Amino acid sequence: MTAALTALAIMLIQAQEVKVPLRFDFYYSYEKVVEALKALNAAYPELTKLDQVGKSEEGRIIWALTINNPQTGEPFSKPGVYVDGNIHGNEIQAGEVCLYLANRLLTNYGKLKEITDVVDRNAYYIIPVVNVDGRAHFFADANTPSTNRGLRIPFDDDRDGLLDEDGPDDIDGDGHITTMRIRDTLGKLRTDPADNRLMIAVKPGEKGEWTRLGQEGIDNDGDGLVNEDSEGFVDGNRNWGFNWQPPYVQRGAGNYPFEGTGIKAIAEYMLARPNIIMVFAFHNNGGMYLRGPSFKAAGELPQGDITVYDFLGKNIEKIVPGYEYLISWKDLYSTYGDFTDFTNNLVGSYSLVGELFQVETETYDGTPMRKQEERSRFAEASDAERQRLLFNDNVLQGELFVKWKSYKHPLYGEVETGGWTKMSSRLPHPFMLQDLVHRNASAVIFTAQYTPKVLLDVFEVKKIEGDLWSVRVRLVNEGAMPSVTHATMKNKLYTPDILSVTGRGVKVVSGGVLTDAWMGMVDYKEYKPEVHLCQVPGFGKIEYQFLVSGKGSIDIRFESRKAGTITQTVPLKAKP
Amino acid sequence: MIEIGKAGSAVPAVLVTANMTGTTPLATEAALSLASRIAADASLTSTRTWYIVPLGNPDAYARYFTKPLYTDPGNATSFNDDADDQTDEDGYNDLNGDGFITQMRVKAPDGIWVPVEGEPRLMRRADAAKGEKGVYKLFSEGIDDDGDGQYNEDTPGGTNVNINFPHLFKSFGKRSGLYPGSAPESEALLKFAFAHPEIAMVMSFGSTNFLLAPPQGGRKGSVDTDNIRIPREIGTAMGFDVTRTYTMAEIMEMVQPMLPPGMTADESMIASFLGLGAVVNPLPEDLAFYNEISTDFKEYLKNKGVTEERFDPAQPEDGSFELWAYYHLGLPVFTMDIWGLPKPKEEKKEGSGITIEALEKMSADEFLALEEEKVGAFLKERGAPAQYSATMVIGMIKGGQMKPAQMAAMMKQMPPPKKDEKKGDPKETAIVAFSDKQMEGKGFVPWTVYKHPTLGEVEIGGIVPFAENTPPVTMIDSLLDLNLPYLFELVKRLPKLAISQVKVTEKGGGVYQLEAWVTNESYLSFPTAMGKRNKVPAPAIMTLESEGIEILSGKKRTPVNEMGGMKSARYIWLIRTPAKRTIKIKLESKQAGNDSEQIIIGG
């Protein structure tokens, strides 16, 4: 019955034509994501471009949508904002946040001033689904909320020389991988008297009722173990080439950095877009916005970068209520070879990981469940779970929990299967999806208003004597982010921004940073005074003074990877 | 890459690479010669496949055949070394047109160099502590092409392939590349090695020599697996005493009962669970075979009549191919540099005549037999702090507070003694000596005056590039004849697994115990200790093939995860069969060979 309903629901969803504006009351399969991207591209051909980034292990295409207004310049002339999601195949609502963001920006361009400005200001690179195989299998196959997370690179978990030969199986054919339990008077669990769908631990002296057997499945390879070698495991978010560590140190790392073909393709895509200064990577779950570093030994970030993150993070906490702005290694756990370590260090960007959805919001009596309770790993049935079941029963009419039913297992004999479905626990129900995608896309839009925006102001041209002129130049940054991240400066990742002065028949005699404009104090550069490497601080300025000798005019040029290029021709005559 | 062998990936293979820096011409010669020796000898290819990469860094090596000659391990990608507004804009310039990039010396007020006494061709640092003032500044030969006040700071060339591998990769290092495997040359090797699990041994020709100088330990960051501290959070939850330390074996024993059935605690699991981090020193079991083989190789050289003392080979660089092959593939890795600069004969040894190695083996009595004067001279040579006087040390040994071996261990911890500054760099001295004797002086360009556009009057001269690691062509054949045959001895030590004994015992009621002994018939363990830790070498799999039997205990496919050199282990199954059956026991390992036995059971 449930299987038939699920099949019907899937058919209905597939029958829906994807139209702009996009709807967010259902989840998009991989194919539907592609349709949605094509629909956005077709509806806004001027503002968008659809690219094939590369292919996954199973040959699915990874798509990227670029949003850029050519009227305000080519993409590389602006800061790049990169947003992706679903690098873990099961974390699907991340894809919907990306689609919603694109939909929000495009359908409101020219209608809302703030949206119009933020579209004009930046170039957006949006990859809704990174782990395309994982998402496809998560939709198509029976799953738990946590399976099909990794890349489709086979791995011999049980070291028997066979690859991925014994994963979980949907033995009762209901479309879900739930839990198996067996009657056992010596077991450590018994039925919860408050709700017979839950089990609680037996107290000393009490008689047991159940033993939990683990995920639904059989012993496919006949080795006496059940589900011991399932699909994968390379974790797409441990396979990036910065601070990568091999699998015996970091589980899921892959044999070498960028072993994942899609991961490699995305890395190349990003490295080919040097203007990317802000990165969002969406995951589930827990309700967090995480910044680096992702492991302790990396040390703390430069203070200048922390200031930027704190500004963004503290505002985002208000935009998405209940979400916390945290530090990855300190507040969560250490990881190596993370995506955002790559983007922070090798792309030279700021990066935030959005952990979408808080299961606590599935309330029945209106009080959010206590987080502590939910996170306790060893807890059996808790008040939190009882409340989630009430939510499931009375708000979702039983959609997310499969009641225990008996099944004749080839190995164990009479067992029962039941429990939470794959669409539970880590994903909001579609009726709650709209709120989640809107608020989190708003976090991106808020951030995109603070990318570096540099203005060049020649605020003094003064004749000293004869052909010798003093020219003062000010670079002002109206964004919160500096034009080059502090980590980039520290690592010497690439040539910082360049300020140069040239002119036909004009010689730059000297030039340097004006450290005190009133006192005329200048830190002159000994060699090549016509070229200066610089960083324009966030919400700040930097001033230069040049001594030039000649007639006519000079060209002042500011060139930045992230903040575009500005040129200005300045006549050598006294400014009024 | 050259592949030699008849059976391809069906038999254990040796991966040979050479010249990963592109700056070791002799390495490529060695690999090519090795290939032709293998091709000519059928016994080397009957059960073995060879994958030979004679030139791991072709772009850098191409520079060896162009003028002017200079050493640079970067491949042909461009890289902005000085992170300025131009790329590859300030390379070397052959100012004197002699075809070599050597050095420039110029007299300057802030010079720190002075000529070496007795060898004015060479330079040494002035010792300010002894009241010396520097005379010269040294630069590499060239002009300031981009006018930024620096000389040759952005030479053409990108990534050094040999430091672009993932073990201890140095981010943002000079010539290290953007990320491990970012160079196409290293990426190709990463992919090749993992696509060929039959590779059982790695050899590499370059500037290191694990046969003479086994890979060194002592790096900070490696966890001492005999003294593991359990993190408080995990430890208290699992019932460990977090105030003490545990050995790896103790932890495995304690963790085992907490694991789900069928799961076995092993080192790799514990290390990753406790976050012990990457292994950065060779594991002790592996060091043991490295040291034994090294002793054997030195004996081999001695028997071949090699008496000349040579300079120690280089230690492997972080991010290098050879370190990666050991730490990440978990394979035995042997490297060779084929030739080392001979040490010039020292005119009569003055001083104590005591070495740390000798001290290590001395008994207390032998030590006390030394004269106080000699002990004092020894302490001075080693740069021991002043409070460790000869009298005091002798007193401690006499009183039994310290043994000579302990003293040796302490001295090993101290910074190495300062070289005799007055003599200059011993290696440079040796190059010049070798050049004079064996190369008709062609290894050195005499200093000659040159009018430099920005530095004024300079002198150009110095050691010719490659003189340090490349002997004259006439020496190559005999060096290869001396060194290469030993590699074929090493291959014989590869682990070889076999089923050495099979036995059936009737238990009654149609139930039988089947036991099979698996033996590693060779010297090297399967896999290395590092391979056990990283679990990259696939286990050998023992399979039972038969119709109509029931396995009551034991698995149909049993992984043989490890087998020490010359060791055996027993595997047992309990089998029920109503009638007489033939069981085929198959043992299959990509790295250590296949074997099978048949046995009749039941009836």
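Modeller: Start with a pair in the sheet: A:V83 stands opposite A:I126 in β4(A). Before more, note that this is a predicted model, where local features need pLDDT of at least 70, side-chain atom pairs count only at pLDDT 80 or more, and totals for chains, interfaces and linings use all residues. Residues are numbered from 1 along each chain as its sequence is written, and chains are lettered from A and ligands numbered from 1 in the order in which they are written.

Colleague: What makes β3(A) and β4(A) a pair?

Modeller: Two strands pair if DSSP finds at least two bridges between them, and strands themselves are DSSP runs (E, at least two residues; helices are H or I, at least four), numbered from the N terminus. Five bridges join β3(A) to β4 (residues 123–127) of chain A, so they pair, and they run parallel. With β9 (residues 276–284) of chain A, β3(A) has six bridges, also parallel, and A:G80 stands opposite A:I276 there.

Colleague: Why is β3(A) called mostly covered?

Modeller: A residue is buried if 20 or more other C-beta atoms lie within 10 Å of its own, exposed if 12 or fewer, and partly exposed in between, with C-beta atoms placed from the backbone. In β3 (residues 80–85) of chain A, six of its six residues are buried. A:G80, A:Y82 and A:D84 point one way, while A:V81, A:V83 and A:G85 point the other way.

Colleague: How do you know which strands are at the edges of that sheet?

Modeller: The open sheet has eight strands in the order β1-β2-β4-β3-β9-β12-β10-β11 (chain A), with mixed pairing. β1 (48–55) and β11 (324–327) of chain A each have a single partner strand, so one side of each is left without a neighbour in the sheet.

Colleague: What makes the crossing of α3(A) and α12(A) right-handed?

Modeller: A crossing is right-handed if the near helix is turned clockwise from the far one by less than a right angle, and left-handed if anticlockwise. Helix α3 (residues 93–107) and helix α12 (residues 430–448) of chain A pack at an angle of about 65°, with their axes 8 Å apart. Those axes are lines fitted to C-alpha atoms, for helices over the stretch in contact, and angles run from 0 to 180 degrees between N-to-C directions. The crossing comes out right-handed.

Colleague: Why is B:R175 called buried, and B:A83 partly exposed?

Modeller: B:R175 has 23 other C-beta atoms within 10 Å, so it counts as buried. B:A83 has 16, so it falls in the in-between class, partly exposed.
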